[in-house]
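Welcome! Take a moment to look over the sequence and the 3D structure before reading on.

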Amino acid sequence: MIESPLLRTNAYIGGEWLEAENGKRFEVVNPLDNTVIATVADLSESETKIAIEKAASAFEIWKGYSASKRSRILKNWYQLQMEHARELARILTIEQGKPLGEAIGEIRYGASFVEWFAEEAKRIYGDVIPGHSSDKRITVIKQPIGVVGAITPWNFPSAMITRKVAPALAAGCTVVIKPSELTPLSALALAELAHQAGIPSGVLNVIPTTQASQVGIELCNNPMVKKISFTGSTKVGKLLLRQSADTVKKVTLELGGNAPFIVFEDADIDKAVEGLIQTKFRNAGQTCICSNRVFVHQSILTEFSTKLKEAIATLQIGNGLDKGVHIGPMIEQKAIDKVDALIQDAIDKGAELELGASVSEDHPSIYMPTLLSKVSPDMDIFSNEIFGPVIPLISFDSEHEVIQSANATPYGLAAYFYGRDYARIWRVAEGLEFGMVGINTGMISTTLAPFGGVKESGFGREGSKYGIEEYVSLKYMCWGNVN
Ligand code: SIN
């Protein structure tokens with residue numbers, strides 16, 4: 001069992017720590033060795049309804065706070081997250097598996113949304129528009145949308161919560177969070193710090209549950225919830241969108257990806273290898289923006305792949321709590337089985353295995369970094385989000401061909417490319433049908449930029465000045481008889 005001053009194992013509703021009404025609890029395990037680290041209250045739709053009611057009552061108060069008061073409270077929350085960064089990161093590594101250094105990075109990344117939106121709270125400006133006749137004046141104000149349902153994933157158990165909750169609270173909304181059942185402890189630890197920070201009762205609520213679909217239906221169907229923000233698979237995102245239709249909710253979806261990573265013949269090969277290692281092996285390949293298909297110009301393929309193999313050989317695998325580890329466990333056996341099946345299909349269809357394709361002998365939950373060459377579009381690995389530490393190499397001849405191949409996917413989240421010709425950089429960046437493009441970099445995530453996709457990767461943006469727009473509605477006031 002995990003011990004931590006920030007460990008909370010009950011739901012957080014209306015400022016109180018509550019058991020499930022029926023007393024049910026579920027086990028949370030360490031993905032490294034499947035040991036049980038905590039048992040957590042397992043809530044259902046009836047308690048979700050109560051949480052929504054609490055959030056709706058709190059909304060009436062919270063929206064009336066001045067922007068600077070909300071900002072001060074959010075800054076307290078930010079400070080507490082930074083003070084407790086190591087402890088939050090330890091919980092995160094134990095329940096999710098990512099290496100401690102990465103977990104600390106996630107906590108700081110997550111906290112940075114709270115700091116940023118604490119400032120943005122004071123900048124939710126409206127407009128004055130010239131009237132359509134001489135006695136008319138037009139003003140536009142932005143108002144908080146209301147109660148938000150935030151449904152968050154296991155791969156970033158902390159930062160995906162703050163990326164939704166911080167702009168919501170800054171705008172004056174209140175939230176009901178449903179974290180992944182695989183990683184509820186990070187969410188509950190954040191709630192404990194929110195409590196200490198002085199976020200009033202009912203403004204932030206956390207519903208741990210194994211009954212994801214019932215709780216999801218309640219959040220989508222309940223007319224008191226005005227907005228759903230979801231990060232997760234495209235399949236579940238589509239379902240939530242359909243379920244939100246009856247109450248016509250505003251929805252933000254950050255869904256799956258199939259990121260191309262393109263290396264042109266004039267690229268700095270060492271930098272491209274470094275960027276690929278960063279984007280591919282972050283969180284053992286389990287992020288939506290991990291590169292999924294690596295296109296390398298045929299003239300540099302041999303050099304690129306030799307250097308890539310050398311770089312992969314330096315990666316340490318192991319327990320995320322141990323120093324120097326780069327790759328920890330996969331989240332669950334199902335994820336390993338999926339990766340295995342994609343690799344097998346590729347090999348059956350002619351791909352060549354250069355490295356990996358097995359689990360670690362010491363830790364069967366860790367998948368070894370894997371390199372496949374001669375990958376082609378008919379293989380499942382080309383069209384599926386891998387969500388594991390596997391690099392499929394695909395060679396190409398022309399710019400036109402590679403843009404077409406890169407875009408040949410229903411997904412449109414992130415894309416990356418390396419090259420030096422400035423005119424081509426513009427052409428390729430504009431031609432890629434993705435919401436985010438890394439140019440000569442594999443690291444694009446920051447609070448300061450709008451994160452989000454196009455096509456079946458979703459819509460809406462998180463972070464940056466655009467992020468707060470997801471949580472407000474515009475009200476136009478027409479002033480007449482101004483004589
Ligand atoms: C994700 O994988 O969903 C988020 C990744 C990030 O914010 O960098």
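From which domains does the shell around the ligand draw at least three residues each? Keep in mind as you look that this is a predicted model. The answer is domain 1 (11–255 + 457–476) and domain 2 (259–446), each of which supplies at least three residues to the shell.

## The two domains

These two domains come from the domain assignment of the chain. Notice that domain 1 is written as two stretches, 11–255 and 457–476, while domain 2 covers 259–446. Taken over C-alpha atoms, the centres of domain 1 and domain 2 are 31 Å apart. The domains also touch: 22 residues of domain 1 are in contact with 29 residues of domain 2.

## Who surrounds the ligand

Now let's turn to the ligand. It is surrounded by 13 residues, and the closest are Tyr109, Arg163, Arg282, Cys288 and Ser445. Sorted by class, the shell holds six nonpolar, four polar and three charged residues.

Some side chains can be followed atom by atom. In arginine 163, a side-chain N or O atom is 2.9 Å from an oxygen atom of the ligand. For arginine 282, a polar side-chain atom also lies 2.9 Å from a ligand oxygen atom. In glutamate 254, a side-chain N or O atom is 3.0 Å from an oxygen atom of the ligand.

On its own, the ligand has 260 Å² of accessible area, and the protein covers 100% of that. The space the ligand takes up is the largest cavity.

Terms used. Residues are numbered from 1 along each chain as its sequence is written. This is a predicted model: local features need pLDDT of at least 70, side-chain atom pairs count only at pLDDT 80 or more; totals for chains, interfaces and linings use all residues. Side-chain values use heavy atoms; hydrogens and water are left out. A residue is near a molecule or strand if one of its heavy atoms lies within 4 Å of it. A polar contact is a pair of N or O atoms within 3.5 Å; within protein, one must be able to donate a hydrogen and the other to accept it, and residues adjacent in sequence count only if both atoms are side-chain atoms. Accessible areas come from the Shrake-Rupley method with a 1.4 Å probe; for residues, only the protein chains shown count as cover. On a 1 Å grid over the protein atoms alone, a cavity is a set of points where a 1.4 Å probe fits but cannot get out, and a pocket is an open set with protein on both sides within 12 Å along at least five of seven lines; lining residues have an atom within 4 Å of a point. A molecule sits in a cavity or pocket if more than half of its atoms lie within 2 Å of its grid points. Ala, Val, Leu, Ile, Met, Phe, Trp, Tyr, Cys and Pro count as nonpolar, Asp, Glu, Lys and Arg as charged, and the others, Gly among them, as polar. Domain bounds come from an automatic or database domain assignment. Contact means heavy atoms within 4.5 Å.
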